[in-house]
Amino acid sequence: MNTHLDELINRWREGELSDEELRRLTDAIATPEGRAALRGDWFLEAALPEALRTSPVLKLAQKLDPMATSQTRTWTNWLSWRPLTAAAAGIVLGMFCTSMVFAYVGPSLGKVMTLLQESFESGPAPLVTGVPIEAGKWSGDYTEVVGEQRGVKPESGKKMLRFLRADFEGKPQAAGSAAGDIYRLVDVRPYRKEFSDGGAVAQLSAVFNAFEFPANEAYGCSISLFALDAETAMNGSTRSGQTLNTESLAMARNSRLKLDRDPATWQRLNGELRLPPNTDFLLIHISLSHASIAQRKATFDGHYLDDVRLTLTRRAPLP
Amino acid sequence: MSIESEAIQRAAAEFIHGRHRLGAFVNGLLRDAHAAEDVLQEVWVRLAAEVEKGTRLDNQSAWCRGVARNLIRRHWEQQQSAKVVADSAVLETFLDRVELAFAEVDDDTADWAERQHALDECVAALPERSRQMLTLRYESRASMDDVARAMGQTFEAVTKTLYRVRRALLECVERKLSQI
(Lines give C-alpha, C1' and ligand atoms only; values in the text may rest on other atoms or scores of the structure.)
Protein backbone atom coordinates (compact mmCIF):
# COMPACT_ATOMS: atom_id res chain seq x y z
CA MET A 1 0.00 0.00 0.00
CA ASN A 2 1.11 3.54 -0.71
CA THR A 3 2.55 4.75 2.61
CA HIS A 4 1.42 8.31 2.05
CA LEU A 5 -2.16 7.20 1.42
CA ASP A 6 -1.95 4.81 4.36
CA GLU A 7 -1.02 7.69 6.65
CA LEU A 8 -3.86 9.87 5.37
CA ILE A 9 -6.33 7.05 5.99
CA ASN A 10 -4.83 6.56 9.42
CA ARG A 11 -5.22 10.25 10.24
CA TRP A 12 -8.84 10.23 9.03
CA ARG A 13 -9.50 7.24 11.31
CA GLU A 14 -7.96 9.05 14.27
CA GLY A 15 -9.94 12.23 13.51
CA GLU A 16 -6.79 14.25 12.94
CA LEU A 17 -7.11 15.14 9.28
CA SER A 18 -6.67 18.81 8.38
CA ASP A 19 -8.62 20.47 5.55
CA GLU A 20 -5.62 20.17 3.28
CA GLU A 21 -5.10 16.51 4.14
CA LEU A 22 -8.77 15.77 3.44
CA ARG A 23 -8.27 17.29 -0.01
CA ARG A 24 -5.27 15.03 -0.52
CA LEU A 25 -7.12 11.96 0.69
CA THR A 26 -10.03 12.83 -1.61
CA ASP A 27 -7.60 13.07 -4.53
CA ALA A 28 -5.98 9.77 -3.55
CA ILE A 29 -9.25 7.86 -3.61
CA ALA A 30 -10.01 9.04 -7.12
CA THR A 31 -8.17 5.91 -8.26
CA PRO A 32 -9.44 2.33 -7.89
CA GLU A 33 -6.29 1.45 -5.92
CA GLY A 34 -6.88 4.28 -3.49
CA ARG A 35 -10.49 3.28 -2.98
CA ALA A 36 -9.48 -0.36 -2.41
CA ALA A 37 -7.01 0.77 0.26
CA LEU A 38 -9.67 2.83 2.02
CA ARG A 39 -12.18 -0.02 1.81
CA GLY A 40 -9.67 -2.50 3.22
CA ASP A 41 -8.85 -0.24 6.12
CA TRP A 42 -12.47 0.39 6.99
CA PHE A 43 -13.27 -3.30 6.77
CA LEU A 44 -10.50 -3.92 9.30
CA GLU A 45 -11.77 -1.15 11.55
CA ALA A 46 -15.29 -2.56 11.58
CA ALA A 47 -14.35 -6.23 11.78
CA LEU A 48 -11.45 -6.18 14.26
CA PRO A 49 -13.50 -5.97 17.46
CA GLU A 50 -15.48 -9.03 16.39
CA ALA A 51 -12.31 -10.92 15.39
CA LEU A 52 -10.66 -10.09 18.72
CA ARG A 53 -13.67 -11.27 20.65
CA THR A 54 -14.33 -14.35 18.56
CA SER A 55 -10.89 -15.85 18.11
CA PRO A 56 -9.85 -16.19 21.75
CA VAL A 57 -13.41 -17.08 22.78
CA LEU A 58 -13.57 -19.86 20.23
CA LYS A 59 -10.14 -21.13 21.22
CA LEU A 60 -11.01 -21.15 24.90
CA ALA A 61 -14.46 -22.60 24.30
CA GLN A 62 -12.95 -25.37 22.21
CA LYS A 63 -10.58 -26.29 25.03
CA LEU A 64 -13.30 -26.28 27.65
CA ASP A 65 -16.21 -27.72 25.76
CA PRO A 66 -16.25 -28.65 22.07
CA MET A 67 -20.04 -28.17 22.07
CA ALA A 68 -19.66 -24.53 23.00
CA THR A 69 -17.80 -23.93 19.76
CA SER A 70 -20.36 -25.73 17.70
CA GLN A 71 -23.13 -23.71 19.34
CA THR A 72 -21.45 -20.46 18.43
CA ARG A 73 -20.91 -21.67 14.91
CA THR A 74 -24.51 -22.75 14.77
CA TRP A 75 -25.50 -19.16 15.25
CA THR A 76 -23.14 -18.07 12.50
CA ASN A 77 -24.56 -20.65 10.15
CA TRP A 78 -28.09 -19.78 11.12
CA LEU A 79 -27.36 -16.17 10.32
CA SER A 80 -25.78 -17.03 7.01
CA TRP A 81 -28.37 -19.44 5.78
CA ARG A 82 -31.60 -18.37 7.36
CA PRO A 83 -31.85 -14.63 6.78
CA LEU A 84 -35.51 -14.85 5.87
CA THR A 85 -36.29 -16.28 9.26
CA ALA A 86 -34.63 -13.31 10.86
CA ALA A 87 -36.39 -10.94 8.55
CA ALA A 88 -39.77 -12.46 9.26
CA ALA A 89 -39.22 -11.87 12.94
CA GLY A 90 -38.60 -8.20 12.22
CA ILE A 91 -35.12 -8.30 13.70
CA VAL A 92 -32.65 -5.54 13.06
CA LEU A 93 -29.23 -7.09 13.43
CA GLY A 94 -26.30 -5.13 14.79
CA MET A 95 -22.94 -4.82 13.11
CA PHE A 96 -20.93 -5.59 16.16
CA CYS A 97 -23.17 -8.24 17.57
CA THR A 98 -21.13 -10.42 19.91
CA SER A 99 -23.73 -9.92 22.60
CA MET A 100 -26.23 -11.34 20.16
CA VAL A 101 -24.09 -14.44 19.68
CA PHE A 102 -24.54 -15.27 23.30
CA ALA A 103 -28.14 -14.17 23.31
CA TYR A 104 -28.91 -16.55 20.47
CA VAL A 105 -27.25 -19.53 22.09
CA GLY A 106 -28.37 -18.59 25.59
CA PRO A 107 -31.08 -20.29 27.57
CA SER A 108 -33.94 -18.11 26.36
CA LEU A 109 -33.27 -18.99 22.71
CA GLY A 110 -34.90 -15.65 22.10
CA LYS A 111 -34.28 -13.04 19.44
CA VAL A 112 -32.71 -9.85 20.71
CA MET A 113 -33.43 -6.37 19.44
CA THR A 114 -31.37 -3.51 20.83
CA LEU A 115 -33.56 -0.55 21.73
CA LEU A 116 -30.83 1.47 23.41
CA GLN A 117 -27.09 1.15 23.85
CA GLU A 118 -25.65 4.15 25.62
CA SER A 119 -22.11 4.79 26.73
CA PHE A 120 -22.42 8.59 26.65
CA GLU A 121 -19.85 8.97 23.87
CA SER A 122 -21.95 11.37 21.84
CA GLY A 123 -25.27 13.12 21.86
CA PRO A 124 -26.52 16.02 23.91
CA ALA A 125 -25.82 16.28 27.63
CA PRO A 126 -28.66 14.98 29.81
CA LEU A 127 -31.32 17.54 30.66
CA VAL A 128 -31.79 18.57 34.27
CA THR A 129 -35.55 18.85 34.21
CA GLY A 130 -36.65 15.70 36.03
CA VAL A 131 -38.66 12.87 34.44
CA PRO A 132 -38.77 13.39 30.65
CA ILE A 133 -42.02 13.52 28.73
CA GLU A 134 -40.27 13.32 25.38
CA ALA A 135 -38.67 10.13 24.09
CA GLY A 136 -35.02 9.80 23.18
CA LYS A 137 -33.39 12.14 25.73
CA TRP A 138 -31.80 11.57 29.09
CA SER A 139 -33.22 13.80 31.77
CA GLY A 140 -33.31 13.87 35.54
CA ASP A 141 -31.17 15.32 38.29
CA TYR A 142 -27.89 17.14 37.77
CA THR A 143 -25.34 14.95 35.99
CA GLU A 144 -22.48 15.52 33.59
CA VAL A 145 -20.69 13.52 30.91
CA VAL A 146 -17.02 13.09 31.84
CA GLY A 147 -13.92 11.16 30.84
CA GLU A 148 -11.64 9.25 33.20
CA GLN A 149 -11.86 10.83 36.63
CA ARG A 150 -10.71 10.14 40.20
CA GLY A 151 -9.25 6.77 39.26
CA VAL A 152 -12.44 5.62 37.51
CA LYS A 153 -12.11 4.77 33.83
CA PRO A 154 -15.17 4.51 31.59
CA GLU A 155 -16.33 0.92 31.23
CA SER A 156 -17.16 1.46 27.60
CA GLY A 157 -15.63 4.06 25.30
CA LYS A 158 -14.01 7.21 26.60
CA LYS A 159 -16.87 8.79 28.48
CA MET A 160 -19.29 8.03 31.29
CA LEU A 161 -22.01 9.83 33.21
CA ARG A 162 -21.27 11.34 36.58
CA PHE A 163 -24.02 11.85 39.15
CA LEU A 164 -23.65 15.35 40.61
CA ARG A 165 -26.71 16.13 42.69
CA ALA A 166 -29.92 14.63 44.01
CA ASP A 167 -32.11 17.38 42.59
CA PHE A 168 -32.86 19.13 39.32
CA GLU A 169 -33.57 22.63 38.13
CA GLY A 170 -36.64 23.93 39.89
CA LYS A 171 -37.34 20.70 41.72
CA PRO A 172 -40.19 21.22 44.18
CA GLN A 173 -39.39 20.18 47.72
CA ALA A 174 -35.73 19.57 46.91
CA ALA A 175 -34.71 19.67 50.56
CA GLY A 176 -33.84 16.22 51.84
CA SER A 177 -33.21 14.73 48.40
CA ALA A 178 -30.54 12.06 48.66
CA ALA A 179 -30.97 10.09 45.42
CA GLY A 180 -29.59 11.13 42.05
CA ASP A 181 -32.02 10.01 39.35
CA ILE A 182 -31.67 9.84 35.60
CA TYR A 183 -34.44 8.80 33.21
CA ARG A 184 -35.01 8.06 29.57
CA LEU A 185 -38.28 7.49 27.77
CA VAL A 186 -38.16 4.93 24.94
CA ASP A 187 -40.93 4.73 22.34
CA VAL A 188 -41.65 1.04 21.76
CA ARG A 189 -44.71 1.49 19.52
CA PRO A 190 -42.69 0.69 16.36
CA TYR A 191 -41.91 -2.71 17.86
CA ARG A 192 -45.44 -3.53 19.03
CA LYS A 193 -45.79 -6.57 16.84
CA GLU A 194 -42.90 -8.10 18.77
CA PHE A 195 -44.76 -8.00 22.07
CA SER A 196 -48.45 -7.66 21.18
CA ASP A 197 -49.02 -11.27 22.24
CA GLY A 198 -47.35 -10.72 25.61
CA GLY A 199 -44.43 -12.86 24.49
CA ALA A 200 -41.55 -10.42 24.94
CA VAL A 201 -39.48 -9.08 27.79
CA ALA A 202 -37.48 -5.86 27.94
CA GLN A 203 -34.08 -6.28 29.56
CA LEU A 204 -32.23 -3.36 31.09
CA SER A 205 -28.66 -3.36 32.25
CA ALA A 206 -26.23 -0.70 33.44
CA VAL A 207 -22.91 -0.48 35.24
CA PHE A 208 -21.99 1.68 38.23
CA ASN A 209 -18.70 2.71 39.79
CA ALA A 210 -17.39 5.15 42.38
CA PHE A 211 -14.14 6.72 43.51
CA GLU A 212 -12.53 5.27 46.65
CA PHE A 213 -14.96 6.91 49.05
CA PRO A 214 -14.43 6.87 52.86
CA ALA A 215 -15.00 3.48 54.47
CA ASN A 216 -17.76 4.81 56.70
CA GLU A 217 -19.89 5.87 53.74
CA ALA A 218 -22.25 3.69 51.69
CA TYR A 219 -24.00 4.20 48.39
CA GLY A 220 -26.77 2.20 46.76
CA CYS A 221 -27.94 2.05 43.18
CA SER A 222 -30.95 0.71 41.35
CA ILE A 223 -32.44 0.34 37.90
CA SER A 224 -36.15 0.34 37.14
CA LEU A 225 -38.30 -0.08 34.07
CA PHE A 226 -41.86 1.22 33.78
CA ALA A 227 -44.25 0.24 30.99
CA LEU A 228 -46.52 3.20 30.19
CA ASP A 229 -49.31 4.07 27.82
CA ALA A 230 -48.78 7.17 25.68
CA GLU A 231 -51.17 9.34 27.67
CA THR A 232 -49.44 8.65 30.99
CA ALA A 233 -45.97 8.94 29.48
CA MET A 234 -46.54 12.35 27.94
CA ASN A 235 -49.11 14.23 30.03
CA GLY A 236 -46.56 15.23 32.65
CA SER A 237 -48.10 13.23 35.48
CA THR A 238 -45.03 10.98 35.70
CA ARG A 239 -43.15 13.90 37.19
CA SER A 240 -44.84 12.88 40.39
CA GLY A 241 -43.05 9.74 41.52
CA GLN A 242 -46.28 8.36 42.91
CA THR A 243 -47.88 8.29 39.45
CA LEU A 244 -45.21 5.93 38.21
CA ASN A 245 -46.04 3.50 40.99
CA THR A 246 -49.79 3.67 40.53
CA GLU A 247 -50.37 4.35 36.83
CA SER A 248 -47.72 2.20 35.16
CA LEU A 249 -48.98 -0.78 33.19
CA ALA A 250 -46.14 -2.78 34.71
CA MET A 251 -42.87 -2.12 36.46
CA ALA A 252 -39.72 -3.93 37.53
CA ARG A 253 -36.93 -2.85 39.81
CA ASN A 254 -33.60 -4.31 40.72
CA SER A 255 -31.46 -2.88 43.49
CA ARG A 256 -27.94 -3.31 44.66
CA LEU A 257 -27.65 -1.94 48.10
CA LYS A 258 -23.98 -1.11 48.27
CA LEU A 259 -21.35 -0.06 45.78
CA ASP A 260 -17.83 -1.29 46.45
CA ARG A 261 -14.98 1.18 47.06
CA ASP A 262 -12.72 -0.06 44.29
CA PRO A 263 -12.55 2.40 41.36
CA ALA A 264 -11.22 -0.41 39.16
CA THR A 265 -14.40 -2.48 39.31
CA TRP A 266 -17.69 -1.66 37.64
CA GLN A 267 -20.76 -3.30 39.16
CA ARG A 268 -23.51 -4.36 36.80
CA LEU A 269 -27.22 -4.37 37.49
CA ASN A 270 -29.65 -6.28 35.29
CA GLY A 271 -33.42 -6.21 35.31
CA GLU A 272 -36.21 -7.38 33.12
CA LEU A 273 -39.89 -6.63 32.55
CA ARG A 274 -42.47 -8.60 30.59
CA LEU A 275 -44.21 -6.07 28.37
CA PRO A 276 -47.99 -5.74 28.52
CA PRO A 277 -49.39 -5.71 24.96
CA ASN A 278 -50.69 -2.13 25.32
CA THR A 279 -47.29 -0.67 26.24
CA ASP A 280 -46.46 2.47 24.24
CA PHE A 281 -43.37 3.66 26.08
CA LEU A 282 -40.77 2.29 28.44
CA LEU A 283 -39.36 4.63 31.05
CA ILE A 284 -35.85 3.79 32.22
CA HIS A 285 -35.07 5.01 35.72
CA ILE A 286 -31.55 4.73 37.09
CA SER A 287 -30.80 5.91 40.58
CA LEU A 288 -27.89 6.37 42.92
CA SER A 289 -28.42 7.20 46.56
CA HIS A 290 -26.73 7.81 49.88
CA ALA A 291 -27.40 4.53 51.64
CA SER A 292 -27.54 5.67 55.24
CA ILE A 293 -29.60 8.35 56.91
CA ALA A 294 -26.54 9.77 58.64
CA GLN A 295 -24.77 10.59 55.41
CA ARG A 296 -27.79 11.94 53.50
CA LYS A 297 -26.95 14.99 51.41
CA ALA A 298 -27.81 16.30 47.96
CA THR A 299 -24.39 15.94 46.35
CA PHE A 300 -22.22 13.08 45.09
CA ASP A 301 -18.44 13.34 44.98
CA GLY A 302 -17.51 10.76 42.32
CA HIS A 303 -20.16 8.27 41.27
CA TYR A 304 -20.59 7.11 37.72
CA LEU A 305 -22.88 5.30 35.29
CA ASP A 306 -21.93 3.70 31.97
CA ASP A 307 -22.95 1.13 29.35
CA VAL A 308 -26.73 1.29 29.65
CA ARG A 309 -28.45 -1.25 27.44
CA LEU A 310 -32.11 -1.90 26.77
CA THR A 311 -33.08 -4.87 24.64
CA LEU A 312 -36.28 -6.58 23.63
CA THR A 313 -36.30 -10.36 23.64
CA ARG A 314 -38.96 -12.86 22.65
CA ARG A 315 -39.56 -15.35 25.40
CA ALA A 316 -42.61 -17.47 26.13
CA PRO A 317 -44.30 -16.82 29.48
CA LEU A 318 -43.83 -19.45 32.16
CA PRO A 319 -46.59 -22.08 31.94
CA MET B 1 -48.05 -14.51 2.40
CA SER B 2 -49.07 -11.05 1.14
CA ILE B 3 -47.16 -9.28 -1.60
CA GLU B 4 -46.27 -6.57 0.91
CA SER B 5 -44.74 -8.96 3.41
CA GLU B 6 -42.88 -10.78 0.63
CA ALA B 7 -41.35 -7.46 -0.41
CA ILE B 8 -40.35 -6.70 3.19
CA GLN B 9 -38.79 -10.12 3.56
CA ARG B 10 -36.80 -9.73 0.35
CA ALA B 11 -35.60 -6.30 1.45
CA ALA B 12 -34.69 -7.59 4.90
CA ALA B 13 -32.79 -10.55 3.49
CA GLU B 14 -30.76 -8.27 1.23
CA PHE B 15 -30.20 -5.81 4.05
CA ILE B 16 -28.98 -8.54 6.39
CA HIS B 17 -26.71 -9.91 3.70
CA GLY B 18 -25.11 -6.52 3.13
CA ARG B 19 -25.21 -5.15 6.65
CA HIS B 20 -21.51 -5.63 7.41
CA ARG B 21 -20.42 -3.83 4.27
CA LEU B 22 -22.86 -1.01 4.96
CA GLY B 23 -21.65 -1.06 8.55
CA ALA B 24 -18.04 -0.60 7.45
CA PHE B 25 -19.11 2.33 5.25
CA VAL B 26 -20.98 4.00 8.11
CA ASN B 27 -18.43 3.20 10.81
CA GLY B 28 -15.56 4.31 8.58
CA LEU B 29 -17.17 7.69 8.10
CA LEU B 30 -18.42 8.18 11.65
CA ARG B 31 -15.54 6.54 13.56
CA ASP B 32 -17.95 5.87 16.42
CA ALA B 33 -19.33 2.34 16.75
CA HIS B 34 -22.40 3.32 18.75
CA ALA B 35 -23.38 6.17 16.46
CA ALA B 36 -22.77 3.84 13.50
CA GLU B 37 -25.10 1.25 15.01
CA ASP B 38 -27.81 3.91 15.40
CA VAL B 39 -27.43 4.99 11.79
CA LEU B 40 -27.55 1.41 10.56
CA GLN B 41 -30.74 0.72 12.44
CA GLU B 42 -32.30 3.97 11.21
CA VAL B 43 -31.45 3.02 7.63
CA TRP B 44 -33.32 -0.27 8.11
CA VAL B 45 -36.35 1.52 9.61
CA ARG B 46 -36.48 3.87 6.61
CA LEU B 47 -35.95 1.06 4.15
CA ALA B 48 -38.80 -0.95 5.67
CA ALA B 49 -41.08 2.11 5.54
CA GLU B 50 -40.18 2.70 1.90
CA VAL B 51 -40.85 -0.88 0.92
CA GLU B 52 -44.13 -0.87 2.85
CA LYS B 53 -45.19 2.15 0.79
CA GLY B 54 -44.70 -0.01 -2.28
CA THR B 55 -41.58 1.71 -3.59
CA ARG B 56 -39.47 -0.50 -5.84
CA LEU B 57 -35.75 0.03 -5.31
CA ASP B 58 -33.61 -0.90 -8.29
CA ASN B 59 -30.42 -0.84 -6.26
CA GLN B 60 -31.12 -1.32 -2.58
CA SER B 61 -27.46 -1.18 -1.52
CA ALA B 62 -26.98 2.20 -3.18
CA TRP B 63 -30.25 3.47 -1.71
CA CYS B 64 -29.14 2.43 1.79
CA ARG B 65 -25.76 4.10 1.38
CA GLY B 66 -27.48 7.29 0.23
CA VAL B 67 -29.77 7.32 3.26
CA ALA B 68 -26.84 6.53 5.55
CA ARG B 69 -24.86 9.38 4.03
CA ASN B 70 -27.65 11.84 4.78
CA LEU B 71 -27.96 10.56 8.34
CA ILE B 72 -24.20 10.84 8.83
CA ARG B 73 -24.18 14.37 7.51
CA ARG B 74 -26.95 15.26 9.95
CA HIS B 75 -25.03 13.58 12.78
CA TRP B 76 -21.98 15.67 11.96
CA GLU B 77 -24.08 18.81 11.98
CA GLN B 78 -25.46 17.95 15.40
CA GLN B 79 -22.04 17.02 16.76
CA GLN B 80 -20.23 20.21 16.01
CA SER B 81 -17.14 18.80 17.66
CA ALA B 82 -16.75 16.31 14.80
CA LYS B 83 -13.47 16.89 13.07
CA VAL B 84 -14.96 17.38 9.67
CA VAL B 85 -14.01 20.93 9.03
CA ALA B 86 -13.26 21.02 5.37
CA ASP B 87 -15.32 23.10 3.02
CA SER B 88 -18.46 21.33 1.95
CA ALA B 89 -17.43 20.88 -1.70
CA VAL B 90 -14.39 18.82 -0.74
CA LEU B 91 -16.39 16.85 1.79
CA GLU B 92 -19.10 16.08 -0.78
CA THR B 93 -16.48 14.86 -3.26
CA PHE B 94 -14.92 12.76 -0.53
CA LEU B 95 -18.31 11.24 0.30
CA ASP B 96 -19.01 10.60 -3.41
CA ARG B 97 -15.75 8.69 -3.73
CA VAL B 98 -16.28 6.72 -0.54
CA GLU B 99 -19.72 5.71 -1.82
CA LEU B 100 -18.10 4.68 -5.09
CA ALA B 101 -15.51 2.64 -3.20
CA PHE B 102 -18.27 0.56 -1.63
CA ALA B 103 -20.44 0.46 -4.77
CA GLU B 104 -17.49 -1.16 -6.56
CA VAL B 105 -17.74 -4.23 -4.35
CA ASP B 106 -21.53 -4.62 -4.34
CA ASP B 107 -21.13 -7.65 -6.60
CA ASP B 108 -17.93 -8.92 -5.01
CA THR B 109 -18.06 -12.67 -4.55
CA ALA B 110 -15.73 -12.66 -1.52
CA ASP B 111 -18.37 -11.57 0.91
CA TRP B 112 -17.98 -10.31 4.45
CA ALA B 113 -18.22 -13.73 6.05
CA GLU B 114 -15.13 -14.91 4.15
CA ARG B 115 -13.24 -11.75 5.04
CA GLN B 116 -14.24 -12.02 8.68
CA HIS B 117 -13.20 -15.66 8.78
CA ALA B 118 -9.83 -14.82 7.22
CA LEU B 119 -9.36 -12.01 9.73
CA ASP B 120 -10.27 -14.32 12.63
CA GLU B 121 -7.47 -16.65 11.56
CA CYS B 122 -4.99 -13.82 11.04
CA VAL B 123 -5.76 -12.36 14.48
CA ALA B 124 -5.44 -15.77 16.12
CA ALA B 125 -1.99 -16.15 14.57
CA LEU B 126 -0.70 -12.85 15.96
CA PRO B 127 1.83 -12.84 18.78
CA GLU B 128 0.09 -12.57 22.15
CA ARG B 129 1.48 -9.10 22.81
CA SER B 130 0.18 -7.71 19.52
CA ARG B 131 -3.24 -9.20 20.22
CA GLN B 132 -3.24 -7.67 23.71
CA MET B 133 -2.48 -4.28 22.21
CA LEU B 134 -5.24 -4.61 19.62
CA THR B 135 -7.68 -5.76 22.28
CA LEU B 136 -6.95 -2.72 24.41
CA ARG B 137 -7.34 -0.40 21.46
CA TYR B 138 -10.22 -1.95 19.52
CA GLU B 139 -12.24 -3.93 22.01
CA SER B 140 -11.73 -1.97 25.22
CA ARG B 141 -11.47 1.23 23.14
CA ALA B 142 -8.66 2.56 25.30
CA SER B 143 -6.91 5.76 24.28
CA MET B 144 -3.44 5.49 22.77
CA ASP B 145 -2.04 6.95 26.00
CA ASP B 146 -3.76 4.25 28.03
CA VAL B 147 -2.57 1.50 25.67
CA ALA B 148 0.99 2.82 25.99
CA ARG B 149 0.71 2.89 29.78
CA ALA B 150 -0.79 -0.61 29.95
CA MET B 151 1.84 -2.05 27.63
CA GLY B 152 4.74 -0.21 29.29
CA GLN B 153 5.70 1.46 26.03
CA THR B 154 5.92 4.99 24.72
CA PHE B 155 3.06 6.55 22.79
CA GLU B 156 5.20 6.60 19.64
CA ALA B 157 6.15 2.93 19.98
CA VAL B 158 2.51 1.88 20.39
CA THR B 159 1.46 4.02 17.42
CA LYS B 160 4.10 2.42 15.22
CA THR B 161 3.34 -1.10 16.40
CA LEU B 162 -0.40 -0.75 15.86
CA TYR B 163 0.25 0.68 12.42
CA ARG B 164 2.47 -2.27 11.53
CA VAL B 165 0.06 -4.85 12.98
CA ARG B 166 -2.86 -3.39 11.03
CA ARG B 167 -0.88 -3.51 7.80
CA ALA B 168 0.19 -7.08 8.52
CA LEU B 169 -3.43 -8.06 9.14
CA LEU B 170 -4.61 -6.44 5.92
CA GLU B 171 -1.95 -8.29 3.94
CA CYS B 172 -2.75 -11.53 5.74
CA VAL B 173 -6.47 -11.21 4.92
CA GLU B 174 -5.79 -10.48 1.25
CA ARG B 175 -3.38 -13.43 1.06
CA LYS B 176 -5.92 -15.81 2.56
CA LEU B 177 -8.72 -14.55 0.30
CA SER B 178 -6.54 -15.01 -2.77
CA GLN B 179 -6.05 -18.67 -1.80
CA ILE B 180 -9.78 -19.43 -1.61
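Two strands are taken to pair if DSSP finds at least two bridges between them; helices (H or I, at least four residues) and strands (E, at least two) are themselves DSSP runs, numbered from the N terminus. The model is a predicted one, in which local features need pLDDT of at least 70 and side-chain atom pairs count only at pLDDT 80 or more, while totals for chains, interfaces and linings use all residues. Residues are numbered from 1 along each chain as its sequence is written, and chains are lettered from A and ligands numbered from 1 in the order in which they are written.

1. Strand β10(A) and its partners. In chain A, strand β10 (residues 281-290) pairs with β7 (residues 219-228) in the antiparallel sense over 10 bridges, and in that setting L228(A) has F281(A) as its bridge partner in β10(A). Strand β5 (residues 179-187) of chain A also runs antiparallel to β10(A), joined to it by nine bridges, and here L185(A) is the bridge partner of L283(A).

2. Burial of β10(A). A residue is called buried if 20 or more other C-beta atoms lie within 10 Å of its own, exposed if 12 or fewer, and partly exposed in between, with C-beta atoms placed from the backbone. By that criterion 10 of the 10 residues of β10(A) are buried. F281(A), L283(A), H285(A), S287(A) and S289(A) point one way from the strand, whereas L282(A), I284(A), I286(A), L288(A) and H290(A) point the other way, and all are buried.

3. A233(A) belongs to helix α8 (residues 230-234) of chain A, and it counts as buried because 27 other C-beta atoms lie within 10 Å. Two residues are in contact if their C-beta atoms, placed from the backbone, lie within 7 Å; leaving aside neighbours within four places in sequence, A233(A) has contacts that include L185(A), L228(A), F281(A) and L283(A). The C-alpha atoms of A233(A) and F281(A) are 6.8 Å apart, although 48 residues separate the two in sequence.

4. Overall make-up of chain B. Chain B has eight helices and zero strands, and 32% of its 180 residues count as buried. Of the contacts in chain B with a separation of 6 or more, 66% are between residues 24 or more positions apart.

5. Nonpolar cores. A nonpolar core is here a set of buried Ala, Val, Leu, Ile, Met, Phe, Trp, Tyr and Cys residues joined through C-beta atoms within 7 Å. The largest has 59 residues, and those with the most contacts inside it are L25(A), F25(B), V26(B), V39(B), A68(B) and L119(B). Apart from it lies another core, of 48 residues, among them V112(A), I182(A), L259(A) and V308(A). As for V26(B), its contacts beyond four places in sequence are A36(B), V39(B), L40(B), A68(B) and I72(B).

6. Helix α2(B). This helix (residues 33-52) has 20 residues and reaches 29 Å from its first C-alpha to its last, close to the 28 Å expected at 1.5 Å a residue, where the expected span is 1.5 Å times one less than the number of residues. Its buried residues include A36(B), V39(B), L40(B), W44(B) and L47(B). Just after α2(B), G54(B) takes a positive phi of about 100 degrees.

7. The contact between the chains. It takes 53 residues from chain B and 48 residues from chain A. On the side of chain B that touches chain A, α1(B) gives the most, with 11 residues. By class that side has 27 nonpolar, 13 polar and 13 charged residues, counting Ala, Val, Leu, Ile, Met, Phe, Trp, Tyr, Cys and Pro as nonpolar, Asp, Glu, Lys and Arg as charged, and the others, Gly among them, as polar.

8. Backbone angles to check in chain A. R150(A) has a positive phi of about 50 degrees although it is not a glycine; it is placed in the loop between β3 (143-146) and β4 (160-165) of chain A, and it is partly exposed, with 16 C-beta neighbours inside 10 Å. D307(A), also not a glycine, has a positive phi of about 50 degrees, but the place of D307(A) is in strand β11 (residues 299-314) of chain A, where 19 other C-beta atoms within 10 Å make it partly exposed.
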